[in-house]
Amino acid sequence: MSTTPILSYRELSVAYRAVGGSVEAVRAVTFDVEPRQSFGLVGESGCGKSTLAMATMGYLGDSGFISHGSVSLLGKDLVGMDAGALRAVRGSQIAMVYQDPMASLNPAMTIGRQLTEGPVRHGLFARREAREQAIEMLRGVRLADAERMLDRYPHQLSGGQQQRVVIAMALIARPKLILLDEPTTGLDVTVEAAVLDLIASLKERFGVTLLYISHNLGLVAQVCDRVAIMYGGEIVEIGSVDDIFKNPRHPYTRALLACLPGAGETRRRLPALPGQIPSPGAAIPGCVFGPRCGEFHAGLCDSRPITLERPFLGDHAVRCVRSRAISGAMPASSPAPLRRVPPSSPLVGIEGVSKTYVSAKGPFGLKPAYRTVNANAGLDFEANRSEVLAIVGESGSGKSTFAKILTGLETADEGKIIIGGNDIARTPARRRSRALLKTFQMVFQNPDDTLNPSFSVAAALRRSLKKAGVPRRDLARRVHELLAVVRLPQELGDRRPYRLSGGQKQRVAIARALAAGPSVLVCDEPVSALDVSVQAAITNLLLDVQDSNAMTIILISHDLGLVQHMADRVVVMYAGHVVQFGAARDVYSRPQHPYTEVLLSARLNPDPRRPTHAIPMARRESPAPGKGCCFAARCPRYIGPVCDAEAPPPRPASDRNVFYCHWSPADLARPLPAMPASGSP
Amino acid sequence: MGKAAPTSLPADSGASPARRGSAERFIRLAGLVAYAWRYVRRSGTATFGLTLVAFWVAAALLAPLLPLHDPIAIDYAALNYPYPTLNHWLGVDPKGRDMLARIVWGARIALGLAPVSVLCGYVIGCALGTVAAYFGGWIDTVASRLIDVILAFPVLVLYILLITTVGPSALNIVAAALMSIVPAVARLTRGLILELKTRDFVAAAQLRGESSLYIMFVELLPNARGPVILDACARFGWTIVLIGILGFLGVGLPPPTPDWGGMIREATNVLLVWPHMAIFPCIALATLVIGFNLVADGIAELSNRA
């Protein structure tokens, strides 16, 4: 360690002022980020990682303050620095990329102005020179047509383009260090892979140091050299990416890695972490993770403050007194797959379901230029009794629209959805019979939106049971039963949603859906808004209730690991079309359709030794949109005009797997050139 | 944080209780009041505002019990020296009636008509806004345009037109106030419901087969209560000013009813000679309105803090 670290934390503690004292959100954090390193800071929500980033940038606001320790950038202490000097540092040496690109771009300013404003203000460039730099930067972040991009407004760009602009903004002042706070969380898998690849190549080109802040272990494994795991405001483990992912020693790190779906056997019970993240300021004697730890030893773990120690070779530190005893196999997960009832006969048939949204846009609404958006274009597949059917695809692929049509929240324009001999594709929920309403129930994505804030848990469940026809005298008993099924303590029944955690809310939402005794449970991204350890518990619960009620789950998700873990069969959608449909195992092991191939190649493995090689998508003009193959414009295996002109025929890859492509299965066996998603660690 | 105040009242922790003794019910009510007072005490703004409002409410309620002069009895002798004296603490008005009695009795007019107007305005406005937002389409278009038209009208002209046509009465004052309360409340509620109806719990209610009426008034409207209550407090003050204006323009309650607006109107002719005759009712009006506005500010402050 002869070089000066770029960023150095020494015993840094950050606190927030609260009623009756202050609450420490970050405690005694000590680590260095070396020049040209990619450093990953990992933790679940509420662990203090964003507070640490804000403290580094000096953005703590009125209520936050550094209570102890120091942060220094290239040897200069940032804590005591006056506002002017701090502003100069922020403009020229540190930059930050936030999670939501739309929130960090000013919607009323052109891209060009936003890019040049900072460097001009800091006197780095003259205005004309800044414009040239901006064009150069936009080219650097691989945005086509950089000159015209300067005059556009943020809303005219896609999410991926916006994030590229934000990265260009961060880079234009040539900072030494870039903080990336969940830089790809809102982006689609394929866009995420491209953005990460871009960041890695820019890092090489400009020699910047990167500090990633993320909850995504796959991302960190793929792009970082050194990783710190945060829990309850403390660093619990820090080491090289191989140390953390191959030889994790802290029980929390191990639990996080073990509960990721997608690795190992499917449908196994994921080892979910019990309990919840401690609330900030909770007084836990000894180890913060103690109350949730499977390796907890009373008298040893709770007797004294635990320090970060280096008991191993190399620079691998762990905040655990029992780290030497913990090694080898990862926490045991129940090997038995959660399945007693195998899938059987078809239950719901979907035949050519189409839905087109018409958006009228014209100046002042005078001359509407009709634009049709195909949300679902001729979907054909069926869902079997007691199976998990997953629908995967990127945002805008029409998977949520399909869920709404199925449940009656929307109606189809064409096609049939057959259940029990009846077509329900055009029957909205308000015209559906009680029995039909009870057949389809739904679990929604956002736990904060899913429950009515005005009703207690028990009141919400009582209402659902009552509407499902449960007699009044049985209501109380059934509410108890439902709470038990979703493993919530009975006393939670009196609480209103604001006093529940995200995972608890999602459990209540599942209980509410189960109240009707549905035969089909439509789950629209049921765990994507939850923390990793909570995701595992909810996934287990969904598989449990699916199995014990012999229920069909239609799982809508963009999380390929979760789908692989849960699904029996998979429907892959692109731009409203089904491009591939087959048994999950077949689709994952032999992705036939070029889009499936691209999608699966972009997965971020939580294993640094299995680097992601995302296949880049093409970008060409489609001569006749709407005709031909929906994926023709982006297809890396584009054949020629036939793809634009003719709808691709169904190709049976096996008896359980169909895809739609002009290539035959034999042609597609040829591998495609891939690009690495990241610079090699 | 930032969301609505997560402090639940003790009253709603249990399910609706079975019949209880009246003593127990009184203790419960007293507990609720004490709780509310402790809650309000955390904000100086709300405490001060509530004190002002409570003062005038007490004055209005106790008016018949207080040892006051008759508010419409005329004391010609006092006109020789109409200023505050030991007999007439705030002096007398240009017709020789006791100012203190008229102000205290006037509080009954303001505090009687304003709540009725605001309450009716809220019932109609919330229903209109909720229905428009929930159903959307042509219902929303018609309702929204109607609201726009009424809000674009010079309201004062409308009142005078209304009241001069049908004559001044308490009912007509309420009707006049409703004309501006209803559209404003409907517009506020409509905006809130438009946002709320996209939430997933509404979809969940549809999927269990709830009627539109249930979704609108049980699922949606209660969740808009925060901003609506806040707006109601401010609108109380605003309506009291409106009633004052109507009285001042001579289209309020007919004389000799002790109405603050009317008192100010009667004092305008002698304003330069006996300014206190206008100033005292103005102070009464201002303190009550400020009280309501401070309560609104305080509630906003408390809900942001919690």
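In which loop of chain A does A:Arg487 lie? A:Arg487 is placed in the loop between helix H16 (475-485) and helix H17 (502-515) of chain A, where helices (H or I, at least four residues) and strands (E, at least two) are DSSP runs numbered from the N terminus. The structure is a predicted model, in which local features need pLDDT of at least 70 and side-chain atom pairs count only at pLDDT 80 or more, whereas totals for chains, interfaces and linings use all residues. Residues are numbered from 1 along each chain as its sequence is written, chains are lettered from A and ligands numbered from 1 in the order in which they are written, and side-chain values use heavy atoms, with hydrogens and water left out.

A:Ala28, however, is situated in strand E2 of chain A, and at 28% relative accessibility it counts as partly exposed.

Strand E2 belongs to an open sheet of 4 strands in chain A, ordered E2-E1-E4-E5 and paired in antiparallel fashion; two strands are taken to pair if DSSP finds at least two bridges between them. The edges of this sheet are formed by strand E2 (21-33) and strand E5 (76-77) of chain A, each of which pairs on one side only. Strand E1 (residues 7-18) of chain A runs antiparallel to E2(A) and is joined to it by 9 bridges, and A:Ser8 has A:Asp32 in E2(A) as its bridge partner. Helix H1 (residues 49-57) of chain A lies across E1, E2 and strand E4 (64-73) of chain A, and runs at about 105 degrees to E1(A).

Further along chain A, strand E15 (residues 414-419) and strand E16 (residues 422-423) run antiparallel and are joined by 2 bridges, with A:Ile419 bridged to A:Asn422 in E16(A). These two strands form a hairpin with 2 residues between them, and A:Gly420 in the turn has a positive phi of about 55 degrees. Two residues of E15(A), A:Glu414 and A:Gly415, are in contact (heavy atoms within 4.5 Å) with A:Gly352, a residue of strand E12 (residues 346-361) of chain A. Leaving aside neighbours within four places in sequence, A:Gly352 also contacts A:Gly378, A:Leu379 and A:Asp380. The C-alpha atoms of A:Gly352 and A:Leu379 are 4.7 Å apart in space, although the two residues are 27 residues apart in sequence. With a relative accessible area of 21%, A:Gly352 is partly exposed.

A:Asn384, by comparison, is placed in strand E13 (residues 369-384) of chain A and is buried, with a relative accessible area of 14%. Not counting residues up to four places away in sequence, A:Asn384 touches A:Ser344, A:Ser345, A:Pro346, A:Leu347, A:Thr552 and A:Arg569.

Chain B contains 11 helices and 0 strands, and its C-alpha atoms fill a box of roughly 75 × 50 × 35 Å, taken along the principal axes. Of the 306 residues of chain B, 43% count as buried, and residues 24 or more positions apart account for 73% of the contacts in chain B with a separation of 6 or more.

Two of these helices, H7 (residues 200-207) and H8 (residues 212-220) of chain B, have axes that come within 11 Å and cross at roughly 140 degrees, where axes are lines fitted to C-alpha atoms, for helices over the stretch in contact, and angles run from 0 to 180 degrees between N-to-C directions. That angle makes H7(B) oblique to H8(B), since angles under 35 degrees count as roughly parallel, over 145 as roughly antiparallel, 65 to 115 as roughly perpendicular and the rest as oblique. In this contact, B:Phe201, B:Val202, B:Ala205 and B:Gln206 of H7(B) meet B:Ile215, B:Glu219 and B:Leu220 of H8(B).

The buried residues of H8(B) are B:Tyr214, B:Ile215, B:Met216, B:Glu219 and B:Leu220. These buried residues pack against helix H15 (457-467) of chain A, together with helix H3 (99-135), helix H6 (170-196) and H7 of chain B.

Definitions and conventions:
Buried < 20%, exposed > 50% of the residue type's maximum accessible area, 1.4 Å probe, protein only.
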